[in-house]
Amino acid sequence: MSVPASRAPSAEVYRVDWVPGTDLLHGVCHCGAEHEAQDPIVLWEWMLAHPVGHERERS
């Protein structure tokens, strides 16, 4: 039995964590880029806009 493409599991994993002692949320996109915001909507819009604004910093 096959799963329709619209119902297939995605390999994209997003993570949102609260930064203890602050009002900040720390988000990590499936590409590894990171961003912080106070507003969860702003953070999710950033993550879902991939790859716009998702340049990873090189060390």
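Trainee: Which residue in β2 does D17 stand opposite?
Mentor: D17 stands opposite H26 in β2. Keep in mind that we're looking at a predicted model.

Trainee: OK, and what about W18, which β2 residue does W18 stand opposite?
Mentor: L25 is the β2 residue facing W18.

Trainee: How many bridges join β1 to β2, and how do the two run?
Mentor: Four bridges join them, and the two strands run antiparallel.

Trainee: Let's back up a bit. What's the pattern along the chain?
Mentor: Going along the sequence, you get β-β-β-α. That's one helix and three strands in the protein chain.

Trainee: And in what order do the strands sit in the sheet?
Mentor: The order is β1-β2-β3, in an open sheet with antiparallel pairing. β1 (15-18) and β3 stand at the edges with a single partner strand each, so one side of each has no neighbour in the sheet. From one strand to the next, the twist averages 20°.

Trainee: Where does α1 pack?
Mentor: α1 packs on the sheet and touches β1, β2 and β3. The direction of α1 makes about 10° with that of β2.

Trainee: Let's do the other pairing. Over how many bridges do β2 and β3 pair?
Mentor: Strand β2 (residues 25-28) pairs with β3 over four bridges, again in the antiparallel sense. Within that pairing, L25 has A37 as its bridge partner in β3, and V28 stands opposite E34.

Trainee: Now the hairpins. Which residue takes a positive phi in the hairpin of β1 and β2?
Mentor: G21 does, with phi near 80°, and that hairpin has six residues between the strands. In the hairpin of β2 and β3, with five residues between the strands, G32 takes a positive phi near 100°.

Trainee: Back to H26. Is H26 buried or exposed?
Mentor: H26 has 17% relative accessibility, so it counts as buried, the cut-off being under 20%.

Trainee: What does the side chain of H26 make a polar contact with?
Mentor: The side chain of E34, at 2.9 Å. H26 also touches quite a list of residues beyond four places away in sequence, including R15, V16, D17, V19 and L43.

Trainee: And E34 itself, buried or exposed?
Mentor: E34 is exposed, because its relative accessible area is 53% and the cut-off for exposed is over 50%. E34 lies in strand β3 (residues 34-37).

Trainee: What else does E34 touch?
Mentor: Leaving out residues up to four places away in sequence, E34 touches H26, G27, V28 and W46.

Trainee: Which way do the β2 residues point?
Mentor: L25 and G27 point one way from β2, while H26 and V28 point the other way. All of them are buried.

Trainee: Then which residues make up the largest nonpolar core?
Mentor: Seven residues in all: L25, C29, A33, A37, L43, W46 and M47. Helix α1 (residues 40-48) gives the most to this core, with three residues.

Trainee: L25 keeps coming up. What does L25 touch?
Mentor: Not counting residues up to four places away in sequence, L25 touches V16, D17, W18, V19, H35, E36, A37, Q38, P40 and L43. A37 in that list is the bridge partner of L25 in β3, and both L25 and A37 belong to the core.

Trainee: How much of the chain counts as buried?
Mentor: Of the 59 residues, 19% count as buried. The accessible surface of the protein chain comes to about 4,900 Å², and 55% of that belongs to carbon and sulfur atoms.

Trainee: And what share of the contacts join residues at least 24 apart?
Mentor: That's 14%, taken among contacts in the protein chain between residues at least 6 apart in sequence.

Technical notes
Residues are numbered from 1 along each chain as its sequence is written. This is a predicted model: local features need pLDDT of at least 70, side-chain atom pairs count only at pLDDT 80 or more; totals for chains, interfaces and linings use all residues. Side-chain values use heavy atoms; hydrogens and water are left out. A nonpolar core is a set of buried Ala, Val, Leu, Ile, Met, Phe, Trp, Tyr and Cys residues joined through side-chain atoms within 4.5 Å. Buried means under 20% relative accessible area, exposed over 50%, partly exposed in between (1.4 Å probe, protein chains only). Contact means heavy atoms within 4.5 Å. Accessible areas come from the Shrake-Rupley method with a 1.4 Å probe; for residues, only the protein chains shown count as cover. Two strands pair if DSSP finds at least two bridges between them. Axes are lines fitted to C-alpha atoms, for helices over the stretch in contact, and angles run from 0 to 180 degrees between N-to-C directions. A polar contact is a pair of N or O atoms within 3.5 Å; within protein, one must be able to donate a hydrogen and the other to accept it, and residues adjacent in sequence count only if both atoms are side-chain atoms.
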